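Please keep the structure in view while reading the points.

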Amino acid sequence: MNCRPTFYKIIKQKSVEEFKPDPYIATVLNCAFWVFYGMPFVHPNSHLVVTINGVGLVFEFVYLAIFFIYATNKGRRKVSLLLLIEAIFFAAIILVTMFVLHGTTRRSLVVGIICDVFNVMMYVSPLTIMAKVIKTKSVKYMPFWLSLTNFLNGVCWTTYALIHPSTSMFCSWMKSPFISNSIGAISGLVQLLLYGFYYCRGENNDNGVELQNTTQVPVSGCSPDLEA
C-alpha cells in the first residue's frame, strides 16, 4: 500500500508530527460516493466499482484510525469534525438521490458528476502540504508514494478515457473521466516535480533514508480514483 511508509513512521515515532490527514479524509468521501454510485439503484451492474472502492474505504478508515490515535487533541478534533461534515453531506446526497431523483439514468448522471468533483478534490488534497514544503525546503512530510500514485493513476485513467471515449460513465459531451483524471495527472506531476526539486537539494532531512528503505512497497492501497 502506497501509504504504508508514512503510517509506519507515525506508529514508530508515536506521533503524526507535521503529516496532514487531508488526502485520507478526501479519499474517504471519494470512495464512499463511488460505492454509492455502484449501487444497483443508482448505476446497475457496477460490481467492480463497489468492490474496489469498498476495499479502498476500509483502508482509508484504517489509516485515519492510526492518525487519530497518534494525533494531538487538535488534530483529533479536526479529523472528527471533517468526518462528521462528510457524513452529513453524504447522507444528504443519499436522501436527495433516493427521494428526488427517479430512475437510474438520472441518478447515475447526478451522482457520477458528484463523484467526479470529489475525485478532483482527492487528487489535489496532497497539495495542501506544498506550502510547508516550499517554506521549509524539505519534503520530510510530503508522502512520496501518495504523489506517485496520484500521477500514475491519473495517467492511466486519462489514457483509458482517450482510448475508450464511448465508455464514459457520464454524458459524452462532458468527458468527465478525462477532465478529472487529467487534472489528477497534472496534480501528481506538480507534486513529484516539487518533491524532486527539494529532494535533489539534499534538504529533505531523513526522508531520503525512509524512501530508500521502502522502495519495494507496491503502489496501491490509498487508492485515488478507484472508479473501475
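1. Buried means under 20% relative accessible area, exposed over 50%, and partly exposed in between (1.4 Å probe, protein chains only). Helices are DSSP runs of H or I with at least four residues, strands are runs of E with at least two, and both are numbered from the N terminus. The model is predicted, so local features need pLDDT of at least 70 and side-chain atom pairs pLDDT 80 or more, while totals for chains, interfaces and linings use all residues. Residues are numbered from 1 along each chain as its sequence is written, and side-chain values use heavy atoms, without hydrogens or water.

2. Overall make-up. The protein chain has nine helices and zero strands. Of its 228 residues, 48% are buried. Contact means heavy atoms within 4.5 Å. Take the contacts between residues at least 6 apart in sequence: 82% of them join residues at least 24 apart.

3. Helix 4 covers residues 73–99. Its 27 residues reach 39 Å from first C-alpha to last, close to the 39 Å expected at 1.5 Å a residue. That expected span is 1.5 Å times one less than the number of residues. Which residues of helix 4 are buried? They are Gly 75, Val 79, Glu 86, Ile 93 and Thr 97. These pack against helix 2 (22–37), helix 3 (47–70) and helix 5 (104–124).

4. Aromatic pairs. Rings of Phe, Tyr and Trp (its six-membered ring) pair if their centres lie within 6.5 Å; planes under 30 degrees apart are stacked, over 60 edge-to-face, the rest tilted. The structure holds 14 such pairs. Phe 33 and Phe 89 have ring centres 5.9 Å apart and planes at 75 degrees, so they are edge-to-face. Phe 33 sits in helix 2 and Phe 89 in helix 4, 56 residues apart. Phe 33 is buried at 0% relative accessibility; Phe 89 is partly exposed at 35%.

5. An α-helix has 3.6 residues a turn, so residues three or four places apart point the same way. Trp 34 and Tyr 37 are both buried.

6. Helix 7 runs over residues 144–163, and its end C-alpha atoms are 29 Å apart, which agrees with the 28 Å its 20 residues should span. Ile 163 lies in helix 7 and is exposed, at 56% relative accessible area.
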